[in-house]
Amino acid sequence: KNLRDMTSWNHTVVTYFQFLPFSSIPEIQGSLFCLVLLMYLSTLLGNTLIIVITMVDAALHSPMYFFLKNLSFLEIGYTTSTIPKMLVNFLSQRKSISFLGCATQMYAFALLGITECCLLAAMAYDRYVAICHPLHYTTMMSWNVCFLLSAVSWLMGVLVAFGQTAFSFTLPFCGPNRINHFFCDLPPLLKLACVDTYKNEIITYIIAVLFLMVPFLLIIVSYVQILHTIFKMPSASDKRKTFSTCSSHLVVVTLFYGSGIVTYLRPKAHSSSSNKLLSLSYTLMSPMMNPLIYSLRNKEVKQALKRLIAK
């Protein structure tokens, strides 16, 4: 990127950013609003229901459901950091956000996203211990260990997101202020800076590798060990029953990491439209699907839901 005229910084300072429309076809804005609103409300309802069930049902007071409750809380915050503003923009002529509002949105989104990456790895470790070391499960996955894994996940999110956001918003923004996205994500925002952002892009890539690929690789290693243990079981019914306890988590990991890795680690030669669709996948589709995946594929959750309805 060519260095822009530094003398213009004193004359034009960006105080707000403006989002480009999600679609170039104005006639479908209303339909998109209704669809996204329905998906958002489904996300809130489903994840809130998971939190309530895991809190009130004693049968679900275990490490696995402790992490699931944390995941549902994260999903609610994750979608709320972006989708309400997107819905407002669907109905607004001036699709803008203040400079501080953009920084806040980016920080919240990065914090919750990084925390979720770490938490999904912790959930994979929980399943690994439960299946590969069942006799030592209560000691290896004590409540102290669970709280520690959860706290470390949140701490990583808080610290890394703060550093990344602060480093990005100290850049000078003096020219175009139109973000080709539906929220303040880092890659499209860096394109608006008035200086060369090569260092920021390298740091963003390193963070993506550390907090996308490293947890993802840890999850893969955990599941390789899990599958190895399952294949050694003599009974086919035991194999199915054991695998069913971690299949929901595996589906969630595939949805979340698949879209995230493609978005942040693929080469730059891709369209903004595909970026928006991929971002919508991990900011809304994945959080909406998680409660359905865990409730439809998990007998304990379905039984707890029946007990809650009966009460």
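At what angle do helix H4 and helix H8 pack, and how far apart are their axes?

## Two packed helices

This is a predicted model. Helix H4 covers residues 99-132, and helix H8 covers residues 198-231. They pack at an angle of about 15°, with their axes 9 Å apart. Angles under 35 degrees count as roughly parallel, so H4 is roughly parallel to H8. The crossing of the two helices is left-handed.

On the H4 side they include Ile114, Cys117, Cys118, Leu120 and Ala121. Tyr125, Arg127 and Tyr128 are also among the H4 residues. H8 contributes Phe211, Leu212, Pro215, Ile219 and Tyr223, among others. By class, the contact has 18 nonpolar, three polar and one charged residues.

## The largest cavity

The model holds three cavities of 30 Å³ or more. The largest has a volume of about 340 Å³. Its lining is made of 21 residues. Nearest its centre lie Phe109, Ala110, Ile114, Leu212 and Tyr264. Two of these names return from the helix contact: Ile114 of H4 and Leu212 of H8.

Which elements give two or more residues to this lining? They are H4, helix H7 (186-190), H8 and helix H9 (236-265). H4 gives the most, with six residues. The lining has 16 nonpolar, four polar and one charged residues.

## The second largest cavity

The second largest cavity has a volume of about 80 Å³.

Helix H3 (residues 83-91) supplies the largest share of the lining, three residues. By class, the lining divides into seven nonpolar, three polar and one charged.

## The second largest pocket

Pockets are open, unlike cavities. The second largest pocket holds about 400 Å³ of space. It is lined by 15 residues. Closest to its centre are Lys241, Ser244, Thr245, Asn298 and Glu300.

Helix H2 (63-80), H4, H9 and helix H11 (299-310) each give two or more residues to the lining of this pocket. H9 gives the most, with four residues. How does the lining divide by class, and how many residues are charged? It has four nonpolar, five polar and six charged residues.

Note on methods: Residues are numbered from 1 along each chain as its sequence is written. This is a predicted model: local features need pLDDT of at least 70, side-chain atom pairs count only at pLDDT 80 or more; totals for chains, interfaces and linings use all residues. Side-chain values use heavy atoms; hydrogens and water are left out. Axes are lines fitted to C-alpha atoms, for helices over the stretch in contact, and angles run from 0 to 180 degrees between N-to-C directions. Angles under 35 degrees count as roughly parallel, over 145 as roughly antiparallel, 65 to 115 as roughly perpendicular and the rest as oblique. A crossing is left-handed if the near helix is turned anticlockwise from the far one by less than a right angle, and right-handed if clockwise. Contact means heavy atoms within 4.5 Å. Ala, Val, Leu, Ile, Met, Phe, Trp, Tyr, Cys and Pro count as nonpolar, Asp, Glu, Lys and Arg as charged, and the others, Gly among them, as polar. On a 1 Å grid over the protein atoms alone, a cavity is a set of points where a 1.4 Å probe fits but cannot get out, and a pocket is an open set with protein on both sides within 12 Å along at least five of seven lines; lining residues have an atom within 4 Å of a point. Grid points are joined across faces, edges and corners, and a volume is the space filled by probe spheres set on the points.
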